[in-house]
Amino acid sequence: MKVGDRVRVRESVIVYHNPQNRNKPFDIKGFEGEVSAIASEWHGKTISANFPIQVKFDKRFKAHLREDELEIITDS
């Protein structure tokens, strides 16, 4: 998985920061977005983030997820 890949959330993931449902549990299973960043380095040092993949779903909504919660969307 790399920055720019189109991905879909394949598992049930509950978030509380969705702009339309702020502070309420919201399941993002099935949402599609684009990988905008991968947290593997900070100030030149290697890190091991718990949720290393940042996905941008729309202009106002991003989430940090694990690789096993996502699947790459292929254009076939």
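This is a predicted model: local features need pLDDT of at least 70, side-chain atom pairs count only at pLDDT 80 or more; totals for chains, interfaces and linings use all residues.

Trainee: Why is N18 called buried?

Mentor: Buried means under 20% relative accessible area. N18 has a relative accessible area of 1%, so the term buried applies. N18 lies in the loop between β2 (14-15) and β3 (26-27).

Trainee: Which residues does N18 touch, not counting residues up to four places away in sequence?

Mentor: With that exclusion, N18 touches F26, F31 and F61. Contact here means heavy atoms within 4.5 Å.

Trainee: How far apart are N18 and M1 in sequence and in space?

Mentor: N18 and M1 are separated by 17 residues in sequence and by 24 Å in space, C-alpha to C-alpha.

Trainee: What makes β8 and β9 edge strands?

Mentor: The open sheet has five strands in the order β8-β7-β4-β1-β9, with antiparallel pairing. Both β8 and β9 (70-72) pair on one side only, and they are the edge strands. Neighbouring strands of this sheet are turned by 40° against each other on average, direction ignored.

Trainee: Which members of the largest nonpolar core touch the most other members?

Mentor: Of its 13 residues, these are V9, V13, I28, V55, F57, L65 and L70. The elements giving two or more residues to this core are β1 (6-9), β7 (53-58) and β8 (61-65). Among the residues that L65 touches are V9, V13, I28 and L70.

Note on methods. Residues are numbered from 1 along each chain as its sequence is written. Side-chain values use heavy atoms; hydrogens and water are left out. Helices (H or I, at least four residues) and strands (E, at least two) are DSSP runs, numbered from the N terminus. Buried means under 20% relative accessible area, exposed over 50%, partly exposed in between (1.4 Å probe, protein chains only). A nonpolar core is a set of buried Ala, Val, Leu, Ile, Met, Phe, Trp, Tyr and Cys residues joined through side-chain atoms within 4.5 Å. Two strands pair if DSSP finds at least two bridges between them. Axes are lines fitted to C-alpha atoms, for helices over the stretch in contact, and angles run from 0 to 180 degrees between N-to-C directions.
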